[in-house]
Amino acid sequence: MSQNNQNEEIDLMQLFGMIKEFFRKFLRLIVLVVAFYKKKWVLFLILSLIGGGIGFFMDQFQDKKDSYVQEIIIAPKYNSTEYVYDFIDDLEDNFKDTIFLRNLGLRPEQVESVKEFVLEPIIEPTDVLGELKETYEDKGSFVKEYDEKMLKEKKYRNFYQKHKLTISFTNRNADNHMVAKSVFEYIKSNNYFKNKLDLGLKQTEKNLQQNRKSMQFINEYLTNLSKNPSQVEDRYVFSYASESESPIISSLLERKEMLLETINTEEDHLLFEKEVITIVDYGNIISKRKNLIRRMLLIMPLLFIGLVSSVYLFKYLSREVNKFVNNE
C-alpha cells in the first residue's frame, strides 16, 4: 500500500510540475509579446496613423458613393404591375433624356445624385398559393413549384399585392425627395390606367347601390315577416318557398350574409382603390450604412498592425526552427 501511495504522490508531483511549466511558458510568452510591442511602439504608432488616415478617406469615399436610400412600399392596382416594373426598369436610361425629365417635371440637376432604381416584390406565399393550386392539380407538382427562389421570378410577381421600390442616391441632396414623387405622379397620369380606374370605380359604385337596395329589401321583408307572417306572404312570392316558410327565411339570411360581405368589399374598394398605385409606406431618405460609418477607420490600422506583426512572428518562428534543427 505504501508503494502505491508513493507512486501516486510522484504522479501528482509530475502533473503539478507540468501545469507549473505550462503557466511559466505562457507568462513568458506574454512578457515577450509585451516587450516586443514596447520595443517597436514607434513603428506601430506610425502604422496606426497611416492606417487611420487611409481608413478615414475610405469611409468618406464610401459615404459619398452609396449611402443614401429611399425604400417605398407600393401596391399596384388594376393589373398595372407589369407596366410599373417596365417603367422603373427603363428609368435609369430615360433619366438621361432631358425631354423625358421635363415630362416628369424634373430638371437634370435634380437627378444627378440618383444612382439606381430597384423594384422587387414583397413575397407573401399566401398571395400566390391559390394561383399555384389552380395550375397544378397534382399535389407533388404543386409542392415542387412552391420554392422561395422560384417565387421571385417574373411570372409570379403579378400575384403579389405589395412591392418595394429602392432608390439609391450618391449623396444627400435637397431635391432627392422630388424624384419618387414625380415618378409616381407620372405613372398615375397614364390615360389607359386612368380610364380603367374611372370605369372600375363607377362599376363598383353602381353595384354597391344595387346591393344596398337588395339589403334594404331583405331587411324590410324579414322585419314585416316577424310582425305579420301571413300578410307578408300575400305581398311577396318566392318560387323556392312553396312548401313552408323556413326555406324563405334561411335563404334570405344566407343571401343577407353574402350581401354584407360583398358590400364591405365594395366599400373597401371605393376607399382604397382610388389610384393606380397605392403608397403603403412612403419611406424617408436615410443612410443605409449609418451604423457602419467609420468602420474602415478602425479596420485599417488593425489590418496594418496585424500584417506587420505576422511578418515578425514568421521571422521569429523561422529562427526558432533553425535553432532546434541545429541543436539536433
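**View 1. Salt bridges in the predicted model, with the R157–E82 pair in close-up.** In this predicted model, the count of salt bridges comes to 6. One of them joins the side chains of R157 and E82, with 3.0 Å from N to O. The two partners belong to distant parts of the chain, 75 residues apart: R157 is in the loop between α8 (148-151) and β3, whereas E82 is in helix α3. Their surroundings can be compared through relative accessible area. R157 has a value of 11% and is buried, because buried means under 20%. E82, at 22%, is partly exposed.

**View 2. The salt bridge between K164 and E120.** Here the side chains of K164 and E120 meet, with 3.8 Å from N to O. K164 belongs to strand β3 and E120 to strand β2, and the pair links parts of the chain that are 44 residues apart.

**View 3. The salt bridge between E267 and R212.** The side chains of E267 and R212 form a salt bridge of 2.9 Å, N to O. E267 lies in helix α12 (residues 246-272) and R212 lies in helix α10 (residues 191-227), so this pair ties together parts that are 55 residues apart in sequence. E267 is partly exposed, with a relative accessible area of 33%. For R212 the relative accessible area is 40%, and this residue is likewise partly exposed.

**View 4. The open sheet of 4 strands.** In what order do the strands stand? The sheet is open, its strands follow the order β2-β3-β1-β4, and the pairing is antiparallel. Strands β2 (114-121) and β4 (277-287) are at the edges; each has a single partner strand, so one side of each is left without a neighbour in the sheet. From one strand to the next, the twist averages 15°. As a general principle, strands of a sheet pair through backbone hydrogen bonds, either parallel or antiparallel.

**View 5. The pairing of β1 with β3.** Strand β1 (residues 68-76) and strand β3 (residues 163-169) run antiparallel and are joined by 7 bridges.

View 6. Helix α3 (residues 81-89) lies across β1, β2, β3 and β4, and runs at about 160° to β2. Helix α9 (residues 176-188) packs on the sheet as well, where it touches β1, β2, β3 and β4. The direction of α9 makes about 165° with that of β4.

**View 7. Y78 and N79 in the loop between β1 and α3.** Y78 is found in the loop between β1 and α3, and N79 is found in that loop too. The phi of Y78 is near 55°, a positive value in a residue other than glycine. N79 is not a glycine either, yet its phi is positive, at about 55°. Which of these residues is buried, and which is exposed? Y78, at 16% relative accessibility, counts as buried.

Methods. Residues numbered from 1 in each chain as written. Predicted model: local features only at pLDDT ≥ 70, side-chain atom pairs only at ≥ 80, totals over all residues. Heavy atoms only, no water. Pairing = 2+ DSSP bridges. Helix = DSSP H or I, 4+ residues; strand = E, 2+ residues; numbered from the N terminus. Axes fitted to C-alpha atoms, helices over the stretch in contact; angles between N-to-C directions. Contact = heavy atoms within 4.5 Å. Buried < 20%, exposed > 50% of the residue type's maximum accessible area, 1.4 Å probe, protein only. Salt bridge = Lys/Arg side-chain N within 4 Å of Asp/Glu carboxyl O.
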